[in-house]
Amino acid sequence: MEKVKGKYLNPKADLTFKKIFGEHEDLVMSLLNALLPLDEGKQIEHVEYMTPEMVPENPEKKYSIVDVRCRETGGRHFIVEMQMNWNNEFQQRVILNSAKAVVKQLGKKEDYKLLQPVYALNLINDVGFDAGPDEFYHDYAIVNVAHTDRIIEGLRFVFVELPKFKPQTIREKKMAVLWLRFLTEIDRDTVEAPAELLENPETAKALQILEESAYTEAELSAYEHYWDAVYYERGAIRHGFNQGMAQGMAQGMAQGMAQGIEKANRDNARKMKLKGIPDDVIADVTGISIEDILQL
C-alpha cells in the first residue's frame, strides 16, 4: 500500500466523504445550507439520515446507492453525491435517484399533498458542463420555458464543478467558500490546513475527521484502492474518448464517442472487479449500476 503523504486524507474519496457528511448531521446540514439555493428564513435546522439505497418497487429495474441521503424531520429531502469523473450517465442517474426519492415518500392511498421537495446536491471533481471557465455552480429547477420565474416546486438539482471554483467567485456566503475550499484545497499532500478552515468550527471538525491517524490500516488500504480506481477510470475515459473520435470519423462522432466510453467503462469495471475492488466503489467511479457489475 502506498503511504499517504500528508497529515490529512482527501475529503473527496468515497470513504472520507461518507465519514464526514454521512455520519455527522451537523456537517451535512452546514454543507447543504451553504450550497443549496434555499430561500431566506428557510435554512435547514435539523436532519436525519435515511438509507442510501434507492431500491425501486419493481426488482427488475435499476437501483443505486447514493453517497448521503437525509431529510428534515417531517420535511424536505436531500441527496448529496460526490462524483469524481464526469460521464454521460451521471445526469440521468441524478434525475432517477431524485425521482425515486419523491416516489418513496408516499405509501399506497396517501395524499399527494404529503410530498415534500427533493434537493439533489452534486459535487463534481471534473468539468462536465459546456459553460464559461468561471461558471462552476449550476442550479436547475422545473420552470416555465417562457416565464422562468414561474417554478414548479418539488425537484431541484444543483451541480458544482469543483475544478472551476475560485474563492473570489463567491462573496456573500462565507460558509460556501469555506466548504468549497475544504473540498478543493485539502488532499493527500496537505500537511498544514489553511488557518481559515481551522478557525471555523464546522470545517475544523471535518479536518479532524480527515486526519490519517484516525484510520485503520484496512481503511487506508481501501482509500488507496479507491484512488487507483479513479485514476484508472480517468485514463479509460480518455482512451474511450480517443477511440470514439476515431470511430466517429466513420460512424458519426457522437455515436462513436458514446460507444467507446461505454466499452472502456465496462472493461475498466471488469478489471477492477478482478482486482477485488468493492462493487459499490466500482459503481461510483464508472457509473455502471451494481446490477450490471454483478453480471460482469
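**Reading a buried lysine and a sheet**

Q: What does the side chain of Lys12 reach, and at what distance?
A: The side chain of Lys12 reaches the backbone oxygen of Leu183 at 2.8 Å. A polar contact is a pair of N or O atoms within 3.5 Å; within protein, one must be able to donate a hydrogen and the other to accept it, and residues adjacent in sequence count only if both atoms are side-chain atoms. This is a predicted model, in which local features need pLDDT of at least 70 and side-chain atom pairs count only at pLDDT 80 or more, while totals for chains, interfaces and linings use all residues. Residues are numbered from 1 along each chain as its sequence is written, and side-chain values use heavy atoms, with hydrogens and water left out.

Q: Where is Lys12 in the chain, and is Lys12 buried or exposed?
A: Lys12 sits in the segment before helix H1 (14-21); helices (H or I, at least four residues) and strands (E, at least two) are DSSP runs, numbered from the N terminus. Lys12 is buried, where buried means under 20% relative accessible area, exposed over 50%, partly exposed in between (1.4 Å probe, protein chains only).

Q: Which residues does Lys12 touch?
A: Contact means heavy atoms within 4.5 Å. Not counting residues up to four places away in sequence, Lys12 touches Met82, Met84, Asn125, Leu162, Leu183, Thr184, Ile186 and Tyr226.

Q: Why does Leu9 count as buried?
A: Leu9 counts as buried because its relative accessibility is 0%. Leu9 is also in the segment before H1.

Q: In what order do the strands of the open sheet lie?
A: Strands of a sheet pair through backbone hydrogen bonds, either parallel or antiparallel. Here 6 strands form an open sheet in the order E1-E4-E5-E6-E8-E7, with mixed pairing; two strands pair if DSSP finds at least two bridges between them. Strand E1 (47-49) and strand E7 (137-143) are the edge strands, each pairing on one side only.

Q: Which strands pair in the parallel or the antiparallel sense?
A: Strand E5 (residues 77-83) and strand E6 (residues 118-124) are parallel over 7 bridges, and Gln83 has Ile124 as its bridge partner in E6. E6 also runs parallel to strand E8 (residues 151-161), joined by 7 bridges. E7 and E8 pair in the antiparallel sense over 7 bridges.

Definitions and conventions: Lys, Arg positive; Asp, Glu negative; His and termini not counted. Salt bridge = Lys/Arg side-chain N within 4 Å of Asp/Glu carboxyl O.
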